[in-house]
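Student: I have a new model on my screen. Please show me how to read it.

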Amino acid sequence: DEISFCEGMAIVRLDGKYGFIDMFGFEVVIPQYEEVFAFKEGLACVKLQNKYGYIDKKGKVVISIIFDKAVSFNEGLASVKLNNKYGFIDNQGKVKIS
């Protein structure tokens, strides 16, 4: 399989869980997530226990894993769903459009 890098990170899968490696092949984010999206604008959307949130390139959760649905950031905003309501958050997790 070909490995695809985005912002210097690549998604890896181990025992059905997903994480990230860097350009040197070092594990940066331990495979622990049910689903992950490629890094965009410095953050990656991750799914854990059926909820979504965002991590930075060190693997730190920077926007809580609380959303029912979420997608990658684009031009500073990401679409999220929480409590049957859709909106947009900024890279700090603040609601910008609801």
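The dialogue below goes through the fold, the cores and a few loop residues.

Tutor: Ground rules. This is a predicted model, where local features need pLDDT of at least 70, side-chain atom pairs count only at pLDDT 80 or more, and totals for chains, interfaces and linings use all residues. Residues are numbered from 1 along each chain as its sequence is written, and side-chain values use heavy atoms, with hydrogens and water left out.

Student: How many helices and strands are there in the protein?

Tutor: Elements are DSSP runs numbered from the N terminus: helices are H or I with at least four residues, strands are E with at least two. Here there are 12 strands and 0 helices.

Student: What radius of gyration does the protein have?

Tutor: The radius is taken over C-alpha atoms, and the globule rule is 2.2 Å times the number of residues to the power 0.38. For 98 residues the rule puts a compact globule near 13 Å, and the protein has 13 Å, which agrees. The C-alpha trace spans about 40 × 25 × 20 Å along its principal axes.

Student: What share of the residues is buried?

Tutor: Buried means under 20% relative accessible area, exposed over 50%, and partly exposed in between, with a 1.4 Å probe and protein chains only. Buried residues make up 33% of the 98.

Student: Which residues form the largest nonpolar core?

Tutor: A nonpolar core is a set of buried Ala, Val, Leu, Ile, Met, Phe, Trp, Tyr and Cys residues joined through side-chain atoms within 4.5 Å. The largest one has 11 residues, among them Leu43, Tyr52, Phe67 and Val80. β7 (51–55), β8 (61–67) and β10 each give two or more residues to this core. A second, separate core has 9 residues, including Met9 and Phe39.

Student: What does Tyr52 touch?

Tutor: Contact means heavy atoms within 4.5 Å. Leaving out residues up to four places away in sequence, Tyr52 touches Cys45, Phe67 and Ala70, among others.

Student: Which phi value does Glu41 have?

Tutor: Most residues other than glycine have a negative phi. Glu41 has a positive phi of about 55 degrees. Glu41 sits in the loop between β5 (35–36) and β6 (44–48). Glu41 counts as partly exposed because its relative accessibility is 40%.

Student: And where does Asn83 lie?

Tutor: Asn83 lies in the loop between β10 and β11. Phi of Asn83 is positive, near 55 degrees. At 60% relative accessibility, Asn83 counts as exposed.

Student: Why is Asn84 called exposed?

Tutor: Asn84 is exposed because its relative accessible area is 66%. Asn84 lies in the loop between β10 (78–82) and β11 (85–89).
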